[in-house]
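Here's a quick briefing to read with the model open beside you. Take it one topic at a time and follow along in the viewer.

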Amino acid sequence: MRHGLEISCGGAAIPVSVLVELGELAEHAGWDGVFLEDYLIHYSGDDPSTYDPWLVLAAIAGRTGRVRLGTTVTALPRRRPAKLAREVLTLDHLSAGRATVAVGVGDPGDRGLVAFGEQTEVSVRAAMLDEGLDLLTGLLSGERVNHRGTHYRADGVALRPAPVQAPRVPVWVGGSTQAAAVRRRAARADGIVPYKLTDTDTWSDFTPDEVRELVNALPPTRADGQPFDVAIGGRRRRPDERAERAYLDDLAAAGATWWLEFVPVGDPAAMRAAVARGPLR
């Protein structure tokens, strides 16, 4: 099981240079991946600093050579799939094949949806995600795509250069496992970034048995033949590291391929310390 960091894309008045520094530090500290949130307006505080994750990841790519780079999670209905595909493909080349993108229907509390007049009806956003997922995975392969749907269109388009990774840049699907549609969408992609509860104001860890059941319900491999990614986590490290390590060992035995540890925005020194201590292996 690999160990990644989920890092806030903004909040308070954190400088963007700190986020880039954390990405570089993550590689030195032994982490396997750096994944940024994706918001137009961060969810913390009033008028918080917020940064575009793909630009930040591009800067991190230039300072690293090993860690996987991506988002968890990009609200695909808020993005044009073709523009997102171009950004992800560019990162894949800048990083020499280390890009991943996770997509979902979007955080129901995302202030950017209302502020910019984006679609807020959940059923419509779900339909946009279903259609956009097919278009995105096609474009990320570098193959020629023909698509005419309710929300999107592509007429014989191939985005070049083709990705470094074959057959495409890995695509993960995020969302609550309480929604059956999340598993169905993930099965069309390369991985899942699940959280347990639809109510995002509360948190509950997956048990190893629940992870095992999830793994068994999903495809055994992704498009490139590697094991299907199941990325569990999304919370801070707990104080009892012995118990935490035992829990992570159980998740790995249950079939999880990633553990994602959250680093919330705060004092830059505290954020650096959370990254520098490295993963619990």
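**Around the barrel**

Strand 2 (residues 33-36) and strand 3 (residues 68-75) run parallel and are paired over four bridges. Keep in mind that this is a predicted model. Zooming out, the strands form a closed barrel of eight, in the order 1-2-3-4-7-8-9-10, with parallel pairing. From one strand to the next, the twist averages 25°.

- If you want a landmark, Phe35 has Gly70 in strand 3 as its bridge partner.
- Helix 8 (residues 241-254) packs on the sheet and touches strand 1 (2-7), strand 9 (229-235) and strand 10 (258-263).
- The direction of helix 8 makes about 140° with that of strand 10.

**Strand 7 and its neighbours**
- Strand 7 (residues 171-176) has six of its six residues buried, so it is largely enclosed by the rest of the structure.
- On one pairing, strand 4 (residues 99-104) joins strand 7 in the parallel sense over three bridges, and Val103 sits opposite Val173.
- Strand 7 also runs parallel to strand 8 (residues 191-195), with five bridges joining them; here Val173 stands opposite Ile192.
- To get from strand 7 to strand 8, the chain passes through helix 6 (residues 180-186) in a right-handed β-α-β crossover.

**Helix 2 against helix 3**
- The axes of helix 2 (residues 53-61) and helix 3 (residues 81-94) come within 9 Å and cross at roughly 10°, so the two helices are roughly parallel to each other.
- Trp54, Leu57, Ala58 and Ala61 in helix 2 meet Leu84, Glu87, Val88, Leu91 and Leu94 in helix 3.
- By class, that contact has eight nonpolar residues, one charged and no polar ones.

Key
Residues are numbered from 1 along each chain as its sequence is written. This is a predicted model: local features need pLDDT of at least 70, side-chain atom pairs count only at pLDDT 80 or more; totals for chains, interfaces and linings use all residues. Side-chain values use heavy atoms; hydrogens and water are left out. Axes are lines fitted to C-alpha atoms, for helices over the stretch in contact, and angles run from 0 to 180 degrees between N-to-C directions. Angles under 35 degrees count as roughly parallel, over 145 as roughly antiparallel, 65 to 115 as roughly perpendicular and the rest as oblique. Contact means heavy atoms within 4.5 Å. Ala, Val, Leu, Ile, Met, Phe, Trp, Tyr, Cys and Pro count as nonpolar, Asp, Glu, Lys and Arg as charged, and the others, Gly among them, as polar. Two strands pair if DSSP finds at least two bridges between them. Buried means under 20% relative accessible area, exposed over 50%, partly exposed in between (1.4 Å probe, protein chains only). A crossover is right-handed if, with the strands pointing away from the viewer, the path from the first strand over the helix to the second runs clockwise.
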